[in-house]
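These are my notebook entries on one chain. I set down what I looked up, entry by entry.

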Amino acid sequence: PGRVHGLGRQAVESIGRFAALMNKIRAAADSGSAREAVACVVRETGLLSLYPESTDASAVENMEELINVAADYDRQHPHGDGSLGDWLTQISLVSDVDAIDPAVGAVTLMTLHAAKGLEYDTVFIAGMEEDVFPHQRSRAEAEDDEEERRLCFVGMTRARRALILTCADWRDIQGGHRRMAKSRFLHELPGDGVEWSRAGQSEPARYDLPPEEGPQAEYDWREGQMVRHPRYGAGRIAALEWTGRGTRARIQFREAGEKTFLLEFAGELEPIEFEESD
């Protein structure tokens with residue numbers, strides 16, 4: 001191999017390590033296995049170590065899922081009739097919407113981004129509520145809010161004949177039951193050609209039940225009470241809150257940390273009549 005004059009020892013060693021890495025990846029790619037090629041990249045580049053599961057589990061799960069997709073491709077081509085290049089082309093250029101058969105009567109679920117360039121006789125857009133669409137993160141910058149508005153316009157113009165926009169009065173978000181406000185995009189609709197209607201109740205019936213008619217907690221719980229869970233062990237009730245669905249309890253477990261339960265549905269949770277010694 002030739003030498004590049006003027007490079008220091010550290011640079012030469014770094015280039016050598018990079019060349020060795022590329023040779024390993026090239027050998028994995030030449031093996032004919034898409035899974036082995038992807039696994040080699042993840043393993044040899046140290047990508048997993050950059051995303052500890054405790055801080056970014058989704059990144060780790062995405063990489064693992066990419067390996068699974070490559071393995072599925074290998075299983076679909078057991079005789080080596082597929083190549084790494086073919087697989088990369090497939091996942092980068094082919095999307096789920098390309099497999100839709102317009103002759104088959106079916107409901108197609110997709111994101112607004114995936115809907116670009118497509119049209120349907122009838123289109124439903126759900127979640128037309130503040131902090132959902134537009135998303136709560138878009139409120140910080142005017143440009144982000146305008147991008148959400150453009151995205152909404154894209155979705156609306158996918159409909160040839162009928163467009164149905166839906167919003168909920170109440171929604172479960174991050175474990176809490178929250179009253180929602182209609183999206184600002186609904187208020188911006190023109191008066192002509194828009195028909196407003198209300199379907200069902202403003203709040204699901206299960207939330208309208210008074211406590212005595214809803215699910216009952218098995219015990220009379222109180223803050224500070226010691227409890228035991230078969231999975232998390234012993235803990236203490238830190239706080240109780242009535243949510244409309246039932247009694248929410250924040251419990252601080254000795255080993256597992258803080259967990260949240262709806263006591264009416266926490267059948268495995270039992271009180272400890274006396275505090276156990278550590």
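**Entry 1: E130**

I began with E130, which counts as buried because its relative accessibility is 16%, under the 20% that marks a buried residue. I note that the model is a predicted one. I placed E130 in the loop between β1 and α6. I then asked which residues E130 touches, leaving aside those up to four places away in sequence. I found M180, A181, K182, S183 and R184.

**Entry 2: The chain as a whole**

I next looked up the overall composition. The secondary structure comes to eight helices and nine strands. The chain has 278 residues, and buried residues make up 26% of them. I also looked up the contacts with a separation of 6 or more, and residues 24 or more positions apart account for 51% of these.

**Entry 3: Helix α6**

I turned to helix α6, which runs over residues 142-156 and has 15 residues. From its first C-alpha to its last, α6 reaches 21 Å, close to the 21 Å expected at 1.5 Å a residue. Which residues of α6 are buried? I listed D145, E148, L151, C152, V154 and G155. In an α-helix, residues three or four places apart point the same way, because there are 3.6 residues a turn. I then looked up what the buried residues of α6 pack against, and recorded β1 (120-125), β2 (159-165) and α7 (184-187).

**Entry 4: Helices α1 and α2**

I examined helix α1 (residues 9-30) together with helix α2 (residues 34-45). Their axes come within 8 Å and cross at roughly 160°. Angles over 145 degrees count as roughly antiparallel, and α1 and α2 are therefore roughly antiparallel to each other. I recorded the crossing of α1 past α2 as right-handed. On the α1 side I listed L21, K24, I25, A28 and A29, which meet E36, A37, C40, V41, E44 and T45 in α2.

**Entry 5: Aromatic pairs**

I looked up the aromatic pairs, and the count comes to four. One of them joins Y232 and F253 in a tilted arrangement, with 5.4 Å centre to centre and 45° between the planes. This pair links distant parts of the chain: Y232 lies in the loop between β5 (226-229) and β6 (233-242), while F253 lies in strand β7 (residues 247-253), 21 residues apart.

I then recorded the pair of Y232 and F261, which is edge-to-face, at 6.4 Å centre to centre and 70° between the planes. This pair also links distant parts of the chain, with Y232 in the loop between β5 and β6 and F261 in strand β8 (residues 257-262), 29 residues apart. Are Y232 and F261 buried or exposed? I found both Y232 and F261 buried. Y232, F253 and F261 form one aromatic cluster.

**Entry 6: H229**

H229 is buried, as its relative accessible area is 7%. Leaving aside residues up to four places away in sequence, H229 touches F253, F261, E268 and L269. Two of these contacts, F253 and F261, belong to the aromatic cluster of the previous entry. I also looked up how far the C-alpha atom of H229 lies from that of A266, 37 residues apart along the chain, and the separation is 9.3 Å.

Methods. Residues numbered from 1 in each chain as written. Predicted model: local features only at pLDDT ≥ 70, side-chain atom pairs only at ≥ 80, totals over all residues. Heavy atoms only, no water. Helix = DSSP H or I, 4+ residues; strand = E, 2+ residues; numbered from the N terminus. Expected span 1.5 Å × (residues − 1). Buried < 20%, exposed > 50% of the residue type's maximum accessible area, 1.4 Å probe, protein only. Contact = heavy atoms within 4.5 Å. Phe/Tyr/Trp six-rings, centres within 6.5 Å; stacked < 30°, edge-to-face > 60°. Axes fitted to C-alpha atoms, helices over the stretch in contact; angles between N-to-C directions. Parallel < 35°, antiparallel > 145°, perpendicular 65-115°, else oblique. Left-handed = near helix turned anticlockwise from the far one by under 90°.
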